[in-house]
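Student: Could you take me through one part of this protein at close range? I would like to start from a single residue and then see what lies around that part.

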Amino acid sequence: MPPTDALAGHLAPRLDHETIAAGLATLAATADHRVRVHAGPPARCQCQHHRSTYTRGEIDVFPAGISDEWHQSDVSSALIVQLTPTLVRRAAEDLGLDPDRAELPPRHQFRDPQIEHIAWALEAERVAGSPCGPVFAETLGLALAVRLLGPLAAPPPRPPRGLTAQQLRRVTDYIEANLDRDLSLATIADIAGISASHLKTLFRRSLGQPVHTYVIHRRVERARALLLRGRMPASEVALAAGFSHQSHMTRCMRRVLGVTPSTLTRAPSD
């Protein structure tokens, strides 16, 4: 089944909803790694001589190139999170693993609260129309890949307290100069000269908020300045500030500033 949607971004996973009818079920091999999170009522199945019942939140991991076959006694519904080999290689590099040797082992019917939380967060972001942008989806995708590879890695060395002054200036200058474009977590990490995983940690330590939150706040501030200037309609301001559309700008502005664009432009200037 082709993916029903994708969260744009170089490191972002792709999402799909899978419903399997009762009877023989087959899973064809693909080029992507797949994480399957059971999302429906309990469903009984049998694989060779093993019988089991899947409940909501139980997880299967199918590495790239793996096919499978089993018998489904009940209709089964699941959220499928697809991770590209590029994403998994990037996560392996961040963990200090050899990306040519780091492989995701197949796993079946296990529970992991962190993996489940990431999967539902990705789905909520997709359903909401990706209001947090590609950087948020990429952050979740990388966190998922790191979690899956984590048991293969030795404990990483403790990272420094935060970004250096030079790194922070390069990163914030780059974000400010590219607010009207699709910003990628991987590209921002390259600007800082560190891995994407370390960027997430060090950026938060330096500025007290995640990268994607900082980007949204800067876009809101740019939109606020442009609206108060009064030279552009709100629809053009939204695009100039990097929002996907005017409604997206309105939602973010209400969340950050507590006011809508129309309220802001009606208010008397200081």
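Tutor: Let us start with His212, which sits in helix α7, spanning residues 211-229. Helices here are DSSP runs of H or I with at least four residues, and strands are runs of E with at least two, both numbered from the N terminus. Before going further, please keep in mind that this is a predicted model, in which local features need pLDDT of at least 70 and side-chain atom pairs count only at pLDDT 80 or more, while totals for chains, interfaces and linings use all residues. Residues are numbered from 1 along each chain as its sequence is written, and side-chain values use heavy atoms, with hydrogens and water left out.

Back to His212: its relative accessible area is 14%, so it is buried (under 20% relative accessible area; over 50% is exposed and the range in between partly exposed, with a 1.4 Å probe and protein chains only). Setting aside neighbours within four places in sequence, His212 is in contact with Cys132, Val135 and Phe136, where contact means heavy atoms within 4.5 Å.

Val135 leads us on to another pair of helices. Together with Glu138 and Thr139, Val135 belongs to the α3 side of a meeting with Leu185, Ala186 and Ile188 of α5. Two packed helices are described by the angle and the distance between their axes. Helix α3 covers residues 134-149 and helix α5 residues 185-192; their axes come within 8 Å and cross at roughly 85°. These axes are lines fitted to C-alpha atoms over the stretch in contact, with angles from 0 to 180 degrees between N-to-C directions. The two helices, α3 and α5, are therefore roughly perpendicular to each other (65 to 115 degrees; under 35 is roughly parallel, over 145 roughly antiparallel and the rest oblique).

Now return to helix α7, where Leu227 is also placed. Leu227 has a relative accessible area of 7%, so this residue is buried. Not counting residues up to four places away in sequence, Leu227 touches Ala234, Val237, Met253, Pro261, Leu264 and Thr265.

Finally, the wider setting. The protein has 10 helices and 10 strands, and its C-alpha atoms fill a box of roughly 75 × 40 × 25 Å along the principal axes. Of its 270 residues, 46% are buried. Among contacts between residues at least 6 apart in sequence, 72% join residues at least 24 apart.
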